[in-house]
Amino acid sequence: MITIHRLTKFYGKVKALDGVSLELNNPDPLVILGPSGSGKTTLLRLIAGLESPDEGEIYINGVLASKPGWVLLPHQRHIGFVFQSSALWPHMTVAQNILFGLNGLTKNEARVRLQGLLDMTHLKGLEQRYPDELSGGEARRVAIARCLAPKPKYLLMDEPLINLDPDLKEKVLSLIEETTRQTQAFLVYVTHDAEEATKLSGRILNLRSGRLVI
Amino acid sequence: MKLPTSIRAFALLIFFLLVFSPLLALVVNLIGSLFAGHSDWLGLMIPTGRRFDLFIRSMALAGGVAISGMILGILGAIFLWRWRTGIGAYLRWSVLLLIVVPPYVHALAWISAISGINSLLNATGFPNIPFQGWLGSWWIQLMALVPIPIGLTLIALESVAPDLIEAARMTRSDIHNLFKVILPLAKPLILAGGGFVFLLSFTDYSIPSLFHLNVYSLESFAEFSASSEPSRAFLSAVPLLLITILVLSASQGALRNAALKPTKQIHPRTISPVWPAWFVTLQGLGIGLLIAQIFIPLFVLTITVGTWDNMVGAATSARSEILFTVWISVITAMLCLPMGLAAASKLVKRDNDTKIWWLLVTIPLAIPAPLIGIGLITIWNRPFLGAAYGSNLMPILASLARFTPLAAIVLLAQLRRIDPLLIDAARVFHTRQSKTWMQIHLPILAPGIMAAGFIAFALCSGELGATLIVAPPGQATLTMRIYNYLHYGASETVAGLCLMMILVALISGVLAVAVVRRGWRLFPKWV
């Protein structure tokens with residue numbers, strides 16, 4: 001369970017988040033809907049531990065993870081993050097990108113995990129390709145597979161369908177639903193697109209000017 | 001972003017004439033010598049015996065300086081990378097300013113500092129630090145050249161997309177991500193920085209000769225002094241040229257991309273990386289060396305000068321050299337701008353032709369300075385050109401040949417920062433090309449022009465390798481005077497002159513950074 005308590009974040013004089021409180025414990029995905037500049041990405045970055053709050057705290061499974069001036073480092077939180085861009089490392093193959101986050105596995109275990117993820121994300125045959133040899137949809141699927149590889153308990157997705165064709169959006173959205181169901185990870189999905197939000201069967205929260213609107 | 005076509009073509013022609021004419025003159029002279037029956041001279045191209053030893057020694061020295069420079073560059077740049085807001089944003093680039101301080105100034109400061117340390121060691125019964133030969137040459141070249149790898153590594157780190165780093169941070173530790181993601185992505189430019197340092201170290205003879213270390217780059221100069229035959233000097237420099245052109249060709253792809261890629265800013269509020277203790281210790285050592293690189297010259301020279309009167313006395317005694325230096329540096333800085341701009345406008349595109357233009361513009365950087373001087377003598381030392389040969393034109397031509405390509409690269413960086421839409425918008429309203437150029441292009445380019453001018457001024461005022469060969473009789477630059485003094489040890493006078501050189505270099509550098517950062521706002525009347 002992730003508990004967010006009165007989270008506030010400033011960028012200069014601008015209040016990006018204003019006392020947001022939330023509990024993420026429902027098995028259904030949580031969709032955060034809001035226009036540009038409403039604080040959606042900031043909220044995800046704070047949950048991920050990429051930034052520290054100016055006020056408030058974040059607890060992960062009851063353990064303090066963020067407070068003003070202190071954060072538990074991102075890789076210690078067991079959270080997966082899919083960025084707006086696919087953010088694939090261009091000097092690594094698809095397989096290397098996916099396996100990057102795995103630590104302490106034998107070669108055989110890593111190979112089995114890779115095959116499972118390639119199957120799940122329909123990427124079989126592409127494992128030796130480099131990111132610049134992939135289509136936009138394939139790159140998003142690799143980003144999702146990479147995010148799932150360390151078996152995170154929570155998945156944060158920041159507008160993962162942005163810049164994709166409508167057809168591709170449908171496919172990637174189904175993949176996201178399918179993979180989160182299979183992995184039983186808790187999904188926090190951020191979008192500015194109301195239609196996209198309603199397609200994901202989950203709880204929808206509106207964020208406006210840094211505040212949650214019920 | 002173009003100069004009017006006819007002016008650009010003319011400026012380009014002059015650029016190539018100035019930059020390549022010394023080398024072409026040497027090639028033509030060589031062909032003449034071969035036809036005159038001196039084909040046995042060709043053996044000079046292959047270093048054997050003592051010359052082979054010198055060649056290997058020079059490679060080892062340059063390799064050592066390049067590798068240590070890259071390591072120090074990585075440690076320094078990673079530290080400075082996080083300083084992205086407020087005064088830190090200015091401070092981190094200020095480290096790079098010392099690149100315009102001539103190496104012999106570092107030499108004088110460190111020789112004085114080590115001499116002081118050795119006195120203390122002697123008094124306490126410890127052995128001296130052997131600061132002659134390899135150690136001194138390596139150390140001074142490292143101190144003088146380290147701003148290059150730091151700067152290029154910093155540019156490389158800034159070019160890594162922030163989301164690639166943050167994606168890695170979600171699953172692995174920062175130190176793991178540094179070695180697996182950040183450094184591999186920054187590698188081309190880090191290696192280019194190392195290559196550039198190698199090139200500069202390999203072609204420099206002034207610092208090794210101060211520390212009584214013979215290196216191969218002195219061979220062409222020595223050959224010319226002994227035989228007065230430009231062809232022999234050129235042939236003996238061929239191995240040097242081959243290596244430097246090879247290194248430059250290997251590095252130029254990365255350099256080209258660095259000038260073309262916009263830098264990407266990590267979000268200023270992103271949590272800073274957490275490094276393990278061993279890395280922090282290593283970084284601390286690196287930063288300590290960088291601080292020494294900045295403060296030792298300032299501190300030691302100030303102590304040696306002693307009083308303000310001594311400083312004034314040094315300036316007065318070198319009045320004619322200072323005036324001569326300022327005069328030729330100002331002329332060089334002004335002349336290299338239109339030619340640099342013409343060359344930069346050929347580099348700005350992203351097609352295959354650009355690669356050839358890049359090679360043409362950057363190859364002159366690989367030509368050792370003495371060869372440029374010897375080439376110029378070959379062209380101008382003729383009875384009907386006597387007036388020009390013995391004039392102030394020669395050091396100006398030498399500096400133009402050496403530094404116009406660098407001005408072109410600085411101007412290219414500015415050209416790349418300009419949104420092409422601004423130019424398209426200007427085209428909608430202005431039909432006359434010259435009016436568009438004067439009212440739109442020039443003000444937008446002004447920061448780059450000013451920065452390139454300041455950098456050319458500083459580099460020209462510190463130039464030694466070519467000026468030493470072509471300076472007119474009875475005239476000397478400040479650098480030449482300091483260099484001559486240096487062989488007799490440090491004194492208040494020479495320390496005062498060196499401090500003056502640092503001030504000139506730093507003021508030029510600060511102005512260059514300020515105009516680039518403040519941009520067109522410094523020129524409100526023009527815009």
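This is a predicted model: local features need pLDDT of at least 70, side-chain atom pairs count only at pLDDT 80 or more; totals for chains, interfaces and linings use all residues.
In chain A, Thr42(A) belongs to helix α1, which spans residues 40–48. The relative accessible area of Thr42(A) is 9%, and this residue is therefore classed as buried, since the class takes in values under 20%. Leaving aside residues up to four places away in sequence, the contacts of Thr42(A) are with Lys9(A), Tyr11(A), Ala16(A) and Leu17(A). With one of these residues, Tyr11(A), there is also a polar contact of 3.4 Å between the two side chains, that of Thr42(A) and that of Tyr11(A).

The position of Asp165(A) is in the loop that runs between β8 (154–158) and α5 (166–183) of chain A. Between Asp165(A) and Gly136(A) there is a separation of 29 residues in sequence, while the distance in space from C-alpha to C-alpha is 9.0 Å.

The largest nonpolar core of the model comprises 164 residues, and those having the most contacts inside it are Tyr104(B), Val105(B), Ile140(B), Leu178(B), Leu210(B), Leu301(B) and Ile482(B). Helix α2 of chain B, covering residues 49–81, makes the greatest contribution to this core, with 14 residues. For Leu301(B), when residues up to four places away in sequence are not counted, the residues touched are Val105(B), Leu108(B), Ala109(B), Ile296(B), Ala495(B), Cys498(B), Leu499(B) and Ile502(B). Another core, of 38 residues, lies apart from the largest one and includes Leu50(A), Ile60(A), Ala87(A) and Phe186(A).

Rolling a probe the size of a water molecule over the atoms shows where empty space is left. By residue class, the lining of the largest cavity is made up of eight nonpolar, two polar and four charged residues.

Terms used
Residues are numbered from 1 along each chain as its sequence is written. Chains are lettered from A and ligands numbered from 1 in the order in which they are written. Side-chain values use heavy atoms; hydrogens and water are left out. Helices (H or I, at least four residues) and strands (E, at least two) are DSSP runs, numbered from the N terminus. Buried means under 20% relative accessible area, exposed over 50%, partly exposed in between (1.4 Å probe, protein chains only). A polar contact is a pair of N or O atoms within 3.5 Å; within protein, one must be able to donate a hydrogen and the other to accept it, and residues adjacent in sequence count only if both atoms are side-chain atoms. Contact means heavy atoms within 4.5 Å. Ala, Val, Leu, Ile, Met, Phe, Trp, Tyr, Cys and Pro count as nonpolar, Asp, Glu, Lys and Arg as charged, and the others, Gly among them, as polar. A nonpolar core is a set of buried Ala, Val, Leu, Ile, Met, Phe, Trp, Tyr and Cys residues joined through side-chain atoms within 4.5 Å.
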